[in-house]
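Please open the structure in your viewer and keep the selection tool at hand, as this tour goes from one selection to the next.

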Amino acid sequence: DLAAITYSSKKKLIFYGCSFSLFAFGLTAYILYVIYLGKPQPTIFGTNIITSNEWYNLLILGLLAGLLTFGGAYTAIPFVQQSVVVEGGWLTNEAFLDGIALASILPAPLVIFNTFVGYLGGQIGGALLMTFGVFLPAFSFTLIGHDFFERITQLESVVSILDGVTAGAVGLIGISAFVILKSTVTQINSMLIFSISLGALYVFEDKSTNVIIVVVAAIAGEILFIN
């Protein structure tokens with residue numbers, strides 16, 4: 001019993017130590033950011049330093065997007081959109097949404113839409129750099145810190161933290177969906193396509209449903225929105 005109590009105390013000590021270290025690191029990073037770059041915007045952190053489409057900016061944007069892919073690429077969509085469409089202005093919102101649509105039908109993770117963005121911003125070099133930046137965090141965490149993360153996820157206190165992170169990721173995905181919905185469903189025709197597609201997703205659970213919906217929606221859009 002004494003050994004179990006001692007082990008539990010050590011786990012709590014490690015947890016609180018890691019938590020304090022992360023807090024101190026984050027606070028220090030924020031203070032340095034404010035000193036050198038000014039107070040960040042309340043709605044989007046970091047995008048004011050990535051407003052152009054030079055190659056090094058595309059690499060940084062890819063790294064930041066890769067660090068934001070909690071629960072999938074949907075969490076990075078509003079960040080990248082704000083950076084390249086709203087703040088940067090070098091990519092139209094229509095082209096950005098086309099990239100998401102194309103990524104949805106490719107045999108690859110949705111985060112590959114960043115390759116499309118990188119290509120439009122810097123051709124082949126931009127596409128390669130942004131793709132490298134997006135996938136680097138995930139591969140680094142997996143290859144370098146796999147054993148460490150496997151150990152700490154067994155701690156009950158860390159499980160509680162991960163539950164909170166999961167809830168936050170769901171919220172980010174919801175925001176991403178709302179941003180895309182607000183940008184695309186602006187007419188009766190688009191509302192019709194959206195409603196039928198949403199219904200089809202609930203009715204048909206086959207793996208090919210997503211691809212079929214995107215193709216059919218593209219054909220329907222060409223017919224319904226033709227001038």
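**A walk around helix α7**

Begin by selecting residues 188-203, which form helix α7 with its 16 residues, and whose span of 23 Å from first C-alpha to last is close to the 22 Å expected at 1.5 Å a residue; that expected span is 1.5 Å times one less than the number of residues. Helices are DSSP runs of H or I with at least four residues, numbered from the N terminus. This is a predicted model, in which local features need pLDDT of at least 70, side-chain atom pairs count only at pLDDT 80 or more, and totals for chains, interfaces and linings use all residues. Residues are numbered from 1 along each chain as its sequence is written, and side-chain values use heavy atoms, without hydrogens and water.

Next, within α7, select S190, I193, S197 and A200, which are buried (under 20% relative accessible area, where exposed means over 50% and partly exposed lies in between, with a 1.4 Å probe and protein chains only). Because these residues cover an arc of only 95° around the axis, they sit on the same side of α7, the arc being that of the directions from the helix axis to the C-beta atoms. Turn to the other side of α7, and you will find I188, Y202 and V203 exposed.

Now select L192, which also lies in helix α7 and is partly exposed, at a relative accessible area of 45%.

Finally, show the whole protein, whose secondary structure comes to eight helices and zero strands, and in which buried residues make up 27% of the 227 residues.

How values were computed
Helices (H or I, at least four residues) and strands (E, at least two) are DSSP runs, numbered from the N terminus.
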